[in-house]
Amino acid sequence: MTNRPTPRRSYVVMTVGALTLSTLMSALPASAARPAHGAADAQPSAPAGTAVGETVRTEAGLVAGARSGAYRVFRGVPYAGAPEGPHRWAPPRPVRPWKGVRDATKPGPLCPQVPSQYAQTASTEEDCLVLDVTTPPAADRRRPAPVLVWVHGDGAVGGGSFFDGRRLAGRGLVVVSLNYRLGVFGGLALPGLDGSGTFGLQDQQAALRWVRDNARAFGGDPGNVTVAGVSFGASAIAGHLTSPASKGLFHRAVMASGEGMMDMPAGAMGPDVPGYPWYVWRSGREMEDITTEMISSLGCPGDRPAQTLACLRALPVKTILEVPYIMNAFQSFGYGNATLPQLPPTALRAGRLHRVPVLSGATLDEHRLFVGMTYDAVGRPFTEADYDRALRTAFGARSAGRVRDEYPTTAFSSPALAWSAVITDRMWARGTQAMHDALGRHVPLYAYEFADRKAPMFLPLSGDFDFGAYHSADIPYLFEDEAAEPQFTAEQHRLSAAMTDYWAAFARTGAPHGPGSPAWPAHRPGDAGRPYTQSLAPRRIGPVDYRRTHRLDFWHRMP
């Protein structure tokens, strides 16, 4: 490994989307923090009313799942071999076949992770490349069902077992949710190391190959697979759209609050976080520099990559996880390699992507979550002085005044909401619109904005803050969540049903169209007027002028 000087930086970038409300409520009691490490801390229990179900033969062996009402649920099914020892920081390898019947009634282990500000989940278990499968009711199994493969968000915490797929399965889908290597275990990069910076992405590809080879055993159609994800998981899907190794593994894609075409102004994710030209993409050199900085305290030689790798592979997981911010530092994907030969935004704009229909969108108030978690909701009010300082950091002294004139604090109930709106529009909405315009020129693209400003908050934050339609707030409307559903109003239940219908229709046909649902035209950048975006709110589902709502004309005029 070369000795290149690297700047010290603050690694506190968060993308969330890794957990659900019920999981967080069980994982984050009001008492003292949970232990920092464990084999599978804070794992969700099986859905209520489960009983041992039938046995299914996968290519690696028999698995016995459980019944949950009309559904069959198979949990902790291996899709790749354990990435441990010499296989740590190596491409995923096939599962070793087993004899007898494997119990698939309990969640599998989480991949290595440490507690964060918003999730006290933890694990040191590397044999974690497992997935869950939920099948439709028997009446819907007369023909192979569309398959939806769920990629959770964040990139540093979480797991597939936190997402209950019964609501989507009730619409006739086979739902698969997966674990993949997180943080340093998914993104470490060394000169000459095959797969550097992309091990988590390769795990997802291995899971998609497992679906291709095993979907029929669970009543699924391997010729109709939708890959879907939120936040960091949605960004991964932007990568899969351009990755040669993902070709043919999926036939539709859903991206919720993805960062695939986002940049990051300085200070947007916290006062000490520098700006980056891309939120989730780093060159191979950048990934190697991050690795150099983050492993410097582990005592491994840094001048010979092969020796460095051997030393790192010999370290206990617990020792690696004790390095501050080592998981957050790798919430990105490396490009310029076999998995991602080109920067994905460049490839997407040029039309070098797999030609599949895409459903993609964001929430109305994306950045309120991150501002609330950093300031007002944790007892640190964001002041007028903080606002001025944040504007200067992000946009420079010359442009800060223009932004303040466009977003005066007098137009918002607090400086924190003003700053949230600035970054929601400048970073999230501008990046989302760029993604939609790029995709819409080459594939069928259906754009949406989740706009329920009364969505239940799934993070246990005690401060008083109006989170609005925050980042990842739409996910409990699609997945069963025992903690979120009791908080739904009748209108929110109807919105949840409508959204689930749309997603299921898209998985079946490649278009979110169905009887009784409001029309949802495709997003076509060349359309006269504004390309179509569907607003999803409890009292209204219909078109929204996305550019006007988020002042994108103003932001496109800014330097």
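The structure holds two disulfides, a disulfide being a pair of cysteine sulfur atoms within 2.5 Å. In general terms, a disulfide is a covalent bond between the sulfur atoms of two cysteines. The model is predicted, so that local features need pLDDT of at least 70 and side-chain atom pairs count only at pLDDT 80 or more, while totals for chains, interfaces and linings use all residues. Residues are numbered from 1 along each chain as its sequence is written, and side-chain values use heavy atoms, with hydrogens and water left out.

Helices (H or I, at least four residues) and strands (E, at least two) are DSSP runs, numbered from the N terminus. The torsion about the S-S bond of Cys 111 and Cys 128 is about 90 degrees, and the disulfide is therefore right-handed. Cys 111 and Cys 128 are both buried, where buried means under 20% relative accessible area, exposed over 50%, and partly exposed in between (1.4 Å probe, protein chains only).

A disulfide also joins Cys 300 to Cys 311, with an S to S distance of 2.0 Å. Here too the pair links distant parts of the chain, 11 residues apart: Cys 300 lies in the loop between α6 (284–294) and α7 (305–314), and Cys 311 in helix α7. The disulfide of Cys 300 and Cys 311 is left-handed because the torsion about its S-S bond is about -75 degrees. Cys 300 has a relative accessible area of 14% and is therefore buried.

With bonded cysteines counted along the chain, the disulfides of the protein chain follow the pattern 1-2, 3-4.
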